[in-house]
Amino acid sequence: MRHQITGFSNPTIKRLRSLREKKHRKREGLFLAEGLRILAEALDSGRTPKILVVVEGTELHPLARKMEEATVAAGGDVIETSEAIIAKLSGKSNPQSIIGIYPDHPVALEDLDRSGSNIWLVAQALRDPGNLGTILRTGDAVGAGGLILIDDCVDPFSVEAVRASMGAIFTQQIAQARWPEFLSWLRSGPGELVGTSLNTENDYQSVLYKQPTFLLIGNEAQGLPEDYEAACDTLVKMPMMGKADSLNAAVAASVMAYEVLNQSRKR
């Protein structure tokens, strides 16, 4: 059903606006995604929004019309509102003209099928939502099984992380765990844990990675704790030819993921 909302004080608008905060996302089990491209990825992945918000008085793109039809068919609501209200929801002064509200979809560790992919991305204490979203995007690009978030990472369903994922939030499985829980699960089946670290002489291209490979990326500022490094099967590093001593966490994850992918393609 499509209906119009024009007031900032409307309870539905206030509720949707609150999804910009983690505590409200957790309480509602919902998150916000914006933009035609990201919503199209969601639709291609079989996910329809519970609520679709569109700018009033504009001709909808054919894809947007398709999303509206899918939303209504699934029992969702379509809200027509002003650009100013959409800007308030998205937190951007130049917002996209379409926003979707989706159920979040975390996956339990025990429900992951490690045989489903040769590559799994694991991030420890990641703080930047842009990095997290970019790592999700990399995971989608290399056909990774998913992203496992270790310890206290930034919320993958934040507006910023979802935006940076460019739709990969809908294509990648996301699990969260504490380190001991993850390590116990990992050692219960096949899988090599590979950590990126400066504390090794192993060049990342000199190692033959076993399948499935779990790539462990550390915190942006501090890297991996010593005991986490000690628990890895292999530590590797990338050559740094300039003055920088390390790469951005998301860049490092991408370089490593493509090296593992290239090795698997050559076998």
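These legends walk you through a few close-up views of one predicted model.

Residues are numbered from 1 along each chain as its sequence is written, and side-chain values use heavy atoms, with hydrogens and water left out. Because the model is predicted, local features need pLDDT of at least 70 and side-chain atom pairs count only at pLDDT 80 or more, while totals for chains, interfaces and linings use all residues.

View 1. Start with tyrosine 102, which lies in strand β5 (residues 98–103). Helices (H or I, at least four residues) and strands (E, at least two) are DSSP runs, numbered from the N terminus. Tyrosine 102 has a relative accessible area of 2%, so it is buried; buried means under 20% relative accessible area, exposed over 50%, and partly exposed in between (1.4 Å probe, protein chains only). Leaving aside residues up to four places away in sequence, tyrosine 102 touches Gly29, Leu30, Phe31, Ala33, Leu39, Ala42, Arg47, Thr48, Pro49 and Phe170, where contact means heavy atoms within 4.5 Å.

View 2. A pair of aromatic rings is described by the distance of the centres and the angle of the planes. Rings of Phe, Tyr and Trp (its six-membered ring) pair if their centres lie within 6.5 Å; planes under 30 degrees apart count as stacked, over 60 as edge-to-face and the rest as tilted. The structure holds nine aromatic pairs. In one of them, the rings of tryptophan 179 and phenylalanine 182 have centres 5.8 Å apart and planes at 40°, so this pair is tilted. Both residues lie in helix α8 (residues 179–186), three residues apart, about one turn of the helix. Tryptophan 179 is buried at 7% relative accessible area, and phenylalanine 182 is buried at 0%. Phenylalanine 182 also forms a tilted pair with tryptophan 185, 6.3 Å centre to centre with 35° between the planes.

View 3. Tryptophan 185 counts as buried, at 12% relative accessibility. Arginine 114 lies over the face of tryptophan 185, at 4.2 Å from the ring centre (a charge sits over a ring if NZ of Lys or CZ of Arg is within 6 Å of the ring centre and within 35 degrees of the ring normal). Trp120, Trp179, Phe182, Trp185, Phe214 and Tyr228 form one aromatic cluster.

**View 4. The largest cavity.** On a 1 Å grid over the protein atoms alone, a cavity is a set of points where a 1.4 Å probe fits but cannot get out, and a pocket is an open set with protein on both sides within 12 Å along at least five of seven lines; lining residues have an atom within 4 Å of a point. The largest cavity holds about 40 Å³ of space, a volume being the space filled by probe spheres set on grid points joined across faces, edges and corners. Its lining is Arg25, Lys26, Leu30, Phe31, Asp104, Asp155 and Phe157.

**View 5. The largest pocket.** About 460 Å³ of space lies in the largest pocket. Its lining has 25 residues, with Thr196, Leu198, Gly223, Ser246 and Leu247 nearest the centre.
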